[in-house]
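Subject: Structure handover and notes

Hello,

Here is the structure you will be working with. Please open it beside this email and follow the notes with the residue numbers at hand.

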Amino acid sequence: MSAAAETLPAVLYRDPAQWQAERRGVFAKAWQFFVHESAVAAPGAWAAETLAGFPLLVVRGHDGVLRGFHNVCRHRAGPLSDGEAGVCEAVLTCRYHGWTYTLDGRLRAARDFGPAEGFDPRDFGLLPIRVETWRGLVFVNIDLDASPLGPVVAPLERRLEGRDWNGLTVMLKRSHAMGCNWKTYVENYLEGYHVPAMHPGLDAEIDSARYEVEVEGRVVVHTAPLREPGAVYDGLWAWLWPNLGVNIYGQGLMLERMSPVGHDRTRLDYIYLMPAGETVAAETLAMSDQVVAEDIWIVERVQENLNAGVYETGRLSPRHEGAVAAFQAFVRDAVSPGP
Ligand code: FES
Ligand SMILES: [Fe+2]
């Protein structure tokens, strides 16, 4: 019999200092899903997102290379974009005073700066981040020394053999704001233990008694046999450290990014990717909306209880909550001071 691991202390789900430690220890070091490559296909196309409080931008150069930068001007920290996506001509232009940068990040012109001794534009290029693409999904990493993305996604790649994601396009995007710490939501995603009690509709489709969760490296794979063929779900859900759900739907998929906004707020970004011209069936969307509403309701109630100060720690079921225990170990690891 395996031991029932103790949960992370409740204070780590409400402490602003822990959140700052996680921004540095988790989100400044991990590969994070940024955008689907179809959104930045053309030369000059850019996309901007704030992930865990880091405003970031990727842009495709006229040489075809996708590059990423902090979306922070080197003059007085203005943004290089307004909005989520667009196409620029030859340069990125800061919205504040109009400094311009080439698409490979060099400062091209400090507009009307005037003569200034000791100012060398070559020292004021945009701060770069890493960019890699896997199966059409563009990932970024703030850590310039991070190891490559390939080995991180390898356990998932092995399970996706025979599934072709070429030619997928973004069919639909939705976001939901949640009043909870990001870990509260992630942990809910990482177990199927709550399915019978919380999701009667989903429970009717899948065989919850045979719900399995496997952890391999930093990937978690859930499988649950369908009660009947033709059910809405494919029965395969995956998750990638620290905050990406990959839900497989027949020929397409739904990405679920659990984006922390602060210590007490999280945004769920849903992106449905489908073969061009195909749509997700209305009943699939309805089921997904229902499950999301049920999950948001429960994680917000759990967060209130974690905030109340009566609950300190609990125990995790070895049968059902192995992935939650693994996740909590990854978090402990990422924020503990190194040797
Ligand atoms: S902050 Fe960008 S030009 Fe001033
Ligand atoms: Fe759920």
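The model is predicted, so local features need pLDDT of at least 70 and side-chain atom pairs count only at pLDDT 80 or more, while totals for chains, interfaces and linings use all residues. Residues are numbered from 1 along each chain as its sequence is written, and chains are lettered from A and ligands numbered from 1 in the order in which they are written.

Naming comes next. Helices (H or I, at least four residues) and strands (E, at least two) are DSSP runs, numbered from the N terminus.

The seven-strand sheet

Strands of a sheet pair through backbone hydrogen bonds, either parallel or antiparallel. Here two strands pair if DSSP finds at least two bridges between them. An open sheet of 7 strands has the order β11-β17-β16-β15-β14-β13-β12, with antiparallel pairing.

- β14 (residues 236-240) and β15 (residues 244-249) run antiparallel and are joined by 4 bridges. Leu-240 has Leu-244 of β15 as its bridge partner.
- β15 pairs with β16 (residues 252-262) in the antiparallel sense over 6 bridges. Gly-245 has Glu-256 of β16 as its bridge partner. These two strands, β15 and β16, form a hairpin with 2 residues between them, and Gly-250 in the turn has a positive phi of about 50 degrees.
- β16 and β17 (residues 265-275) run antiparallel, with 9 bridges joining them. Leu-255 is opposite Ile-271 of β17. β16 and β17 also form a hairpin, with 2 residues between them.

The three-strand sheet

Another open sheet has 3 strands in the order β6-β7-β8, and its pairing is antiparallel. β6 (91-93) and β8 (107-109) are the edge strands, each pairing on one side only. Neighbouring strands of this sheet are turned by 40 degrees against each other on average, direction ignored. Between β6 and β7 (residues 100-102) there are 3 bridges in the antiparallel sense. Val-91 has Thr-102 of β7 as its bridge partner.

Helix packing

Two packed helices are described by the angle between their axes and the distance between the axes. α3 (residues 182-189) packs against α6 (residues 282-308) at an angle of about 130 degrees, and their axes are 10 Å apart. That angle makes α3 oblique to α6. The cut-offs are: under 35 degrees is roughly parallel, over 145 roughly antiparallel, 65 to 115 roughly perpendicular and the rest oblique. From α3, the contact uses Thr-184, Tyr-185 and Asn-188; from α6, Asp-295, Ile-298, Val-299, Val-302, Gln-303 and Leu-306. Two residues are in contact if their C-beta atoms, placed from the backbone, lie within 7 Å.

How many residues of α3 are buried? The number is 7 of its 8, so that α3 is mostly covered. A residue is buried if 20 or more other C-beta atoms lie within 10 Å of its own, exposed if 12 or fewer, and partly exposed in between, with C-beta atoms placed from the backbone. Among the buried residues of α3 are Trp-182, Lys-183 and Tyr-189.

α1 (residues 16-27) and α7 (residues 322-335) pack at about 100 degrees, with their axes 8 Å apart. They are therefore roughly perpendicular to each other. The residues in contact are Ala-21, Glu-22, Gly-25 and Val-26 of α1 with Val-331, Ala-334 and Val-335 of α7.

Two single residues

Gly-86 lies in β5 (residues 85-87). Gly-86 is partly exposed, because 13 other C-beta atoms are within 10 Å. Leaving aside neighbours within four places in sequence, Gly-86 is in contact with Trp-46 and Ser-81.

Val-221 lies in β13 (residues 219-223). Val-221 counts as partly exposed, with 19 C-beta neighbours inside 10 Å. Not counting residues up to four places away in sequence, Val-221 touches Arg-159, Glu-214 and Ala-238. Val-221 and Leu-240 are 19 residues apart in sequence and 8.9 Å apart in space, C-alpha to C-alpha.

Regards

How values were computed: Axes are lines fitted to C-alpha atoms, for helices over the stretch in contact, and angles run from 0 to 180 degrees between N-to-C directions.
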